[in-house]
Amino acid sequence: ADIDGDGFITINELNVMIRRNGLTEEPLPPLVVRRIHQIADTNHDGQLDYNEFVGMINNPTFSHIFGRYVTKYVNFVIPRKRLGGAPGDVPDIALYEDEYTCCPPKLGMIIISIIELIFFMIDEFHEENSTKFASGPMAQTFIYDPAKRYEIWRFLTYMFVHIGYLHLTVNLTVQIFIGIPLEMVHGWWRVLLIYFTGVVAGSLCTSITDPTSKLAGASGGVYSLITAHIATIILNWKEMSFPAVQLIIFLLITGVDVGTSIYNRYCANMDEHIGYVAHFAGAVAGLLVGISVLRNLEVTWKENVIWWFAAIVFSVLMLI
């Protein structure tokens, strides 16, 4: 919005922002834009600073205009259902829009991310390279160690420990930008259930298929969010905004994360024997649990069959 980069927004710049971003169906009259600017300009200096701009965006009086910023992002991540109707009727493309809400604030993934960041910083400040070799106090206490399976909390708490900045950055980015929009529609408890299930499935699968490996990082939970979202993309392909683009983005993120894990284990000469089977297990768990617990506003008989199949397969895998 700040075209000239001076840190302030004039009336003309506000008008350009509204027109370029398509915030309204029809261009607002200059008098209306001027009035909006005057209301937001609390110190009456003729321009909006950062705080005044944020106040304008969050002003409930203008929510029908600026709320579209949030709507556009949620529509990109969350499918929009198109319902059938009589010929000539306008299809309801806002059904999912009506279901998402920011109140109360969706803090599930934010809280998890903050905890993971705090754990990482504690280890980072403990000693040099402690986060690279998982030698910090938080890593030693919470990492999944096959020699300490009796400390059952490690099957879950390894998600709070990350190896290297790239691993942490990728995981936090994905879980924030996928997890929060999912929380807005499906509820925080459904998203966290998928996330935690992916983490636990990752450690359980690793304990069987790669029993000498340690585990660190939330990749199992992150992959569960990705595949849960991919399930919604596939089931609502025609209703999604740019579904192919989303799939490509998620595949790239997945490739970076898996590549980083393989590199850390086989090429970086790290002392820790870190496994990556948890990525695959988390992805499978996320797909199956996502089908079972995420909200489906229009259920067909085929989707009912898929629901039961996913629930049974997941139960059998977890039991094994």
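Reply: **Helix 10 and its neighbours**

The axes of helix 7 (residues 108–126) and helix 10 (residues 165–186) come within 8 Å of each other and cross at roughly 165°. The model is a predicted one, in which local features need pLDDT of at least 70 and side-chain atom pairs count only at pLDDT 80 or more, while totals for chains, interfaces and linings use all residues. Residues are numbered from 1 along each chain as its sequence is written, and side-chain values use heavy atoms, with hydrogens and water left out.

Helices here are DSSP runs of H or I with at least four residues, numbered from the N terminus. An axis is a line fitted to C-alpha atoms, for helices over the stretch in contact, and angles run from 0 to 180 degrees between N-to-C directions. Two packed helices are described by the angle between their axes and the distance between the axes.

Given their angle, helix 7 and helix 10 are therefore roughly antiparallel to each other (over 145 degrees; under 35 is roughly parallel, 65 to 115 roughly perpendicular, and the rest oblique). On the side of helix 7, the contact (heavy atoms within 4.5 Å) involves G108, M109, I110, I112, S113, E116, L117, F120 and E124. These meet Y165, L168, L172, Q175, I176, G179, I180 and E183 in helix 10. The residues of this contact divide into ten nonpolar, four polar and three charged; Ala, Val, Leu, Ile, Met, Phe, Trp, Tyr, Cys and Pro count as nonpolar, Asp, Glu, Lys and Arg as charged, and the others, Gly among them, as polar.

Helix 10 also packs with helix 11 (residues 188–209), at an angle of about 135° and with the axes 7 Å apart. Helix 10 and helix 11 are therefore oblique to each other. Here Q175, G179, L182, E183 and H186 of helix 10 meet W188, R190, V191 and Y195 of helix 11. By class, this second contact has four nonpolar, three polar and two charged residues.

At 29% relative accessibility, S135 counts as partly exposed (between buried, under 20% relative accessible area, and exposed, over 50%, with a 1.4 Å probe and protein chains only). Leaving aside residues up to four places away in sequence, S135 touches E127, N129, S130 and Q140.

Methods:
Helix = DSSP H or I, 4+ residues; strand = E, 2+ residues; numbered from the N terminus.
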